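Here is a short briefing on aromatic rings in a protein. Look at the structure first, then read the points below.

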Amino acid sequence: MYIIYGIKNCNTMKKAFTWLDEHQINYQFHNYKTDGLSAELLNDLLKLVDWQSLLNTRGTTWRKLDEALRNQIDNQDAAIKVMLANPSILKRPLLIAGKRALLGFSEESYSEFVKLQQ
């Protein structure tokens with residue numbers, strides 16, 4: 001079973017949902033905004049993806065952070081605090097299958113990820 005993490009109204013998430021649906025891939029969606037982001041879940045995700053990759057420094061949420069705070073995020077503990085306070089700052093989508101994770105979306109990467117799972 002695949003689990004896809006993110007927020008519903010993200011355009012990249014919509015592309016990932018469409019691809020999964022078109023390829024008849026069963027998945028469970030975890031919406032950070034409605035289902036939440038606990039410290040336990042975040043720590044589990046960080047076992048699969050490093051914090052530098054998971055922290056979206058190109059999005060609106062990052063740009064809205066105070067510059068002094070942004071400059072303090074130079075280690076995993078600092079990143080965790082910011083991610084828990086601002087779940088929208090996590091890069092998305094994050095697709096999980098067992099102990100494997102794929103961050104971001106492209107048709108090619110999803111095809112390879114699903115092929116390896118079969």
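W19 is buried, with a relative accessibility of 5%. This is a predicted model. A search of the whole structure turns up 6 aromatic pairs.

**The F17 and Y27 pair**
- The rings of F17 and Y27 are stacked.
- F17 belongs to helix α1 (residues 11-22), while Y27 belongs to strand β2 (residues 27-31).
- The pair therefore ties together parts that are 10 residues apart in sequence.
- F17 has a relative accessible area of 13%, so F17 is buried, because the cut-off for buried is under 20%.
- Y27 is partly exposed, at 23% relative accessibility.

**The W19 and Y110 pair**
- Y110 is buried, with a relative accessible area of 0%.
- W19 counts as buried too, at 5% relative accessibility.

**An aromatic cluster**
- Which residues form one aromatic cluster?
- F17, Y27 and F29 make up this cluster.

**A charge over a ring**
- R100 lies over the face of F113.
- The distance from the ring centre is 4.0 Å.

Methods. Residues are numbered from 1 along each chain as its sequence is written. This is a predicted model: local features need pLDDT of at least 70, side-chain atom pairs count only at pLDDT 80 or more; totals for chains, interfaces and linings use all residues. Side-chain values use heavy atoms; hydrogens and water are left out. Rings of Phe, Tyr and Trp (its six-membered ring) pair if their centres lie within 6.5 Å; planes under 30 degrees apart count as stacked, over 60 as edge-to-face and the rest as tilted. Helices (H or I, at least four residues) and strands (E, at least two) are DSSP runs, numbered from the N terminus. Buried means under 20% relative accessible area, exposed over 50%, partly exposed in between (1.4 Å probe, protein chains only). A charge sits over a ring if NZ of Lys or CZ of Arg is within 6 Å of the ring centre and within 35 degrees of the ring normal.
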